[in-house]
Amino acid sequence: MHVAIAAFTAALLAAPSLAQVSPPVRILGSNGLPLDKCAYNPASGLARLEPPLTNQMMLGMSLDWSYETPIKSRTKTRGYAAAVYNAWLDLVPNTFDGVGFDNSSFNWFGSEAGRVGAMLELTLNPPKDARTFDLKDLTPKMYDDIGKMCQIVNQQYGVPIFLRWAHEMNGDWYGWGNEPRAFIESWKLMTDAVRKHTNMTAMVWAPNIGMTYPFVGGGARESPARGGLDFDVLDSNSDGKINECDNPYMPFWPGDEYVDWVGLSLYYYPRQNCHNNCLTPADAFVSQLTGVNSPDTPPASMCPTDLWIQTHDFYQQFAASKNKPFMLPETGAPWVPTFANRTGAVSEVAIKDAWYKQIFSTETLARFPKLKLAVNFEEIKDLALDKEPATQDWRVTNNSETVKWWNGLINDFKDNLRDPTQLVYHCDGSITFGDKFAQTPATGGNTGGNGGNSGTTSPSKSGGVAMVASMSLGLAVLSVSLLLNL
C-alpha cells in the first residue's frame with residue numbers, strides 16, 4: 001500500500017502545474033510514510049503554520065466559490081493576493097459514495113489557492129442536522145480520509161491548510177453545538193488523523209464570540225435543561241444553571257496539545273433596535289474580544305463584572321495565556337442595501353472602514369501580538385437584524401466604491417501585512433520569509449519546502465499550461481481515488 005502511494009506521489013511531484021505559484025512540497029518518502037525532516041519541531045516556539053511575524057499580520061478572504069476564486073479576487077485588488085482563502089466543506093456519513101465529503105471540491109480549493117501562492121482555510125462542517133447524523137456517527141475512516149486529503153493538497157499544490165473543524169461549537173445553530181464532550185472527542189480524533197499524515201495542516205479551534213452566550217433561538221441544538229446531556233460541563237461555575245455567568249468557551253477546550261491556532265468568529269453587528277446602517281462604534285473590536293466595556297456586560301448583581309470579563313476575554317484565555325497564534329477566521333461589518341435611504345444611515349464604506357481600521361492598526365498589533373490573521377467574510381446572505389428581515393452584505397470588493405476603499409486600506413497598511421509571495425512553506429509546518437516567485441522550482445524535485453532555484457514559465461504559453469495542468473489534475477484525482485480506497 002505504501003509503495004503504491006509513493007509511486008503516485010512521485011508522479012504527482014514530477015508533473016508541475018505551471019499555472020500555480022506554490023510548487024509541490026515533498027512529504028512522503030519512498031516507503032509512503034512522512035519523511036523524518038517533515039516532523040513538527042515544538043522547540044521552534046512557533047505553532048504549525050505560524051510565520052515569525054512581529055508587528056505584522058496576514059489578510060484572508062472567505063469567498064463565495066460559486067462565482068469567485070482566488071485569481072478573480074486578486075484581480076479586483078490590483079494584483080494583491082490574500083495570504084489565506086477560506087472555503088467550506090461538509091463531512092456527512094453516507095454521502096459521496098460513502099467517502100462522506102466532496103474530495104473533488106477539496107482538491108479544487110487547494111489547487112486554486114496554489115495558483116496565487118496562498119494558504120487554504122478549510123471550514124469543515126460535521127452533520128448539521130443532529131436528527132439525522134451526529135458527531136458520534138463519523139467513522140475512523142472518515143477522519144483518516146480527511147487527513148489523507150490534507151496531505152495530498154499540502155504536497156501536490158504546496159498549499160498549507162488551516163483546518164477549522166466544527167467551528168462555532170458553542171452556539172445553538174449547528175447540530176454539533178452545545179455538545180462539549182462529543183465535540184472534544186471528535187476534535188481529538190480529527191487532530192490525530194491529520195497529524196498522522198501531515199504537519200502542513202494546522203488545527204484551528206474557533207468558537208463564536210461569546211458576549212451574548214448562552215445563545216437562544218438557533219434551533220439546531222439548544223442549551224440542555226438541568227440534568228440534560230452535558231449540563232454539568234456547560235454549567236461552568238456550578239451554580240445549577242446555564243446563563244450569562246458561565247464561560248462561553250472553556251467547556252469546549254480540547255487541550256493545549258490538540259490545538260495549533262485559536263480563532264473566533266467576530267463581526268460587528270448593529271446594536272439591538274438600530275434597524276439601520278449604523279456607524280461601527282470606535283471600540284467595537286476590543287470590547288467584543290476582551291469583554292472590557294462590552295455593552296453586553298450583565299448587571300453586577302447577576303455576575304461580578306471582573307469575573308465576567310475574566311471568563312469572556314477570549315484573547316487572554318486562549319491566545320496570550322496559552323501562547324497560541326490567534327486568527328479571525330471570519331470577520332467583517334455588514335451593510336444592508338434596503339436600509340440605505342433610512343434617516344441617519346451611513347454609507348457602506350463608512351461602516352466597513354470603521355471596523356477594519358480597528359483591526360488593521362499598529363496599536364492593535366501592539367496590544368494583541370498573537371493576532372496573526374484576519375479573514376473577511378466576502379459574502380452576502382439573508383440574515384435578520386433584531387428579527388427584522390435583512391440582506392447583509394459583508395463584501396469589500398463587490399462594487400467600485402468599496403473596492404477602491406479596500407485597495408487604499410491595504411496600501412496604507414501594507415508595511416504591516418505579509419502577502420503570500422513573501423511566505424515559503426515547509427513540510428514540517430514551518431513558514432519562513434522569502435521570494436516565492438524567485439524560488440519556484442520548475443518541477444517538484446525532492447524539496448522539503450517550496451523553495452528552490454529556478455525561473456518561472458511564461459503564462460503566455462497557454463497550450464503547455466493547459467496540457468501540464470490537465471495532466472497534473474488528472475494525476476491528483478487518480479491519487480485521491482487510490483488513497484481514499486486503500
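1. **What you are looking at.** This is a predicted model, in which local features need pLDDT of at least 70, side-chain atom pairs count only at pLDDT 80 or more, and totals for chains, interfaces and linings use all residues. Residues are numbered from 1 along each chain as its sequence is written, and side-chain values use heavy atoms, with hydrogens and water left out.

2. **The chain as a whole.** The chain has 14 helices and 13 strands; here helices (H or I, at least four residues) and strands (E, at least two) are DSSP runs, numbered from the N terminus. Of its 486 residues, 58% are buried. Buried means under 20% relative accessible area, exposed means over 50%, and partly exposed is in between, using a 1.4 Å probe and protein chains only. Take the contacts (heavy atoms within 4.5 Å) between residues at least 6 apart in sequence: 75% of them join residues at least 24 apart.

3. **The largest pocket.** Rolling a probe the size of a water molecule over the atoms shows where empty space is left. The largest pocket holds about 1,600 Å³ of space. The search runs on a 1 Å grid over the protein atoms alone: a cavity is a set of points where a 1.4 Å probe fits but cannot get out, while a pocket is an open set with protein on both sides within 12 Å along at least five of seven lines. Grid points are joined across faces, edges and corners, and the volume is the space filled by probe spheres set on the points.

4. **What lines the pocket.** Lining residues have an atom within 4 Å of a point, and the largest pocket has 44 of them. Which residues lie nearest its centre? They are Thr212, Phe215, Tyr269, Leu383 and Ala384. Helix 7, residues 284-290, gives the most to this lining, with three residues. Sorted by class, the lining has 21 nonpolar, 13 polar and 10 charged residues. For that sorting, Ala, Val, Leu, Ile, Met, Phe, Trp, Tyr, Cys and Pro count as nonpolar, Asp, Glu, Lys and Arg as charged, and the others, Gly among them, as polar.

5. The structure holds three disulfides, each being a pair of cysteine sulfur atoms within 2.5 Å. In one of them, the sulfur atoms of Cys38 and Cys427 are 2.1 Å apart. The link is left-handed, with -95 degrees about the S-S bond, and both Cys38 and Cys427 are buried.

6. **The other two disulfides.** Cys245 is joined to Cys303, S to S 1.8 Å. This pair links distant parts of the chain, 58 residues apart: Cys245 is in the loop between helix 6 (231-234) and strand 6 (261-263), and Cys303 is in the loop between helix 7 and helix 8 (305-312). The torsion about the S-S bond of Cys245 and Cys303 is about -85 degrees, so the disulfide is left-handed. Cys274 and Cys278 are also joined, S to S 1.5 Å, and their link is right-handed, with 80 degrees about the S-S bond. Is each of these two cysteines buried or partly exposed? Cys274 is buried at 18% relative accessible area, whereas Cys278 is partly exposed at 22%. With the bonded cysteines numbered in sequence order, the pairing is 1-6, 2-5, 3-4.

7. **Asn125 and its surroundings.** Asn125 sits in strand 3, residues 119-125, and is buried at 2% relative accessibility. Its side chain makes a polar contact of 3.5 Å with that of His167. A polar contact is a pair of N or O atoms within 3.5 Å; within protein, one must be able to donate a hydrogen and the other to accept it, and residues adjacent in sequence count only if both atoms are side-chain atoms. Leaving aside neighbours within four places in sequence, the residues in contact with Asn125 include Trp88, Asp90 and Trp176.

8. **Two aspartates to look at.** Asp145 is in helix 4, residues 140-157, and is buried at 1% relative accessible area. The side chains of Asp145 and Lys141 make a polar contact of 2.7 Å. Asp232, in helix 6, makes a side-chain polar contact of 2.8 Å with Arg181.
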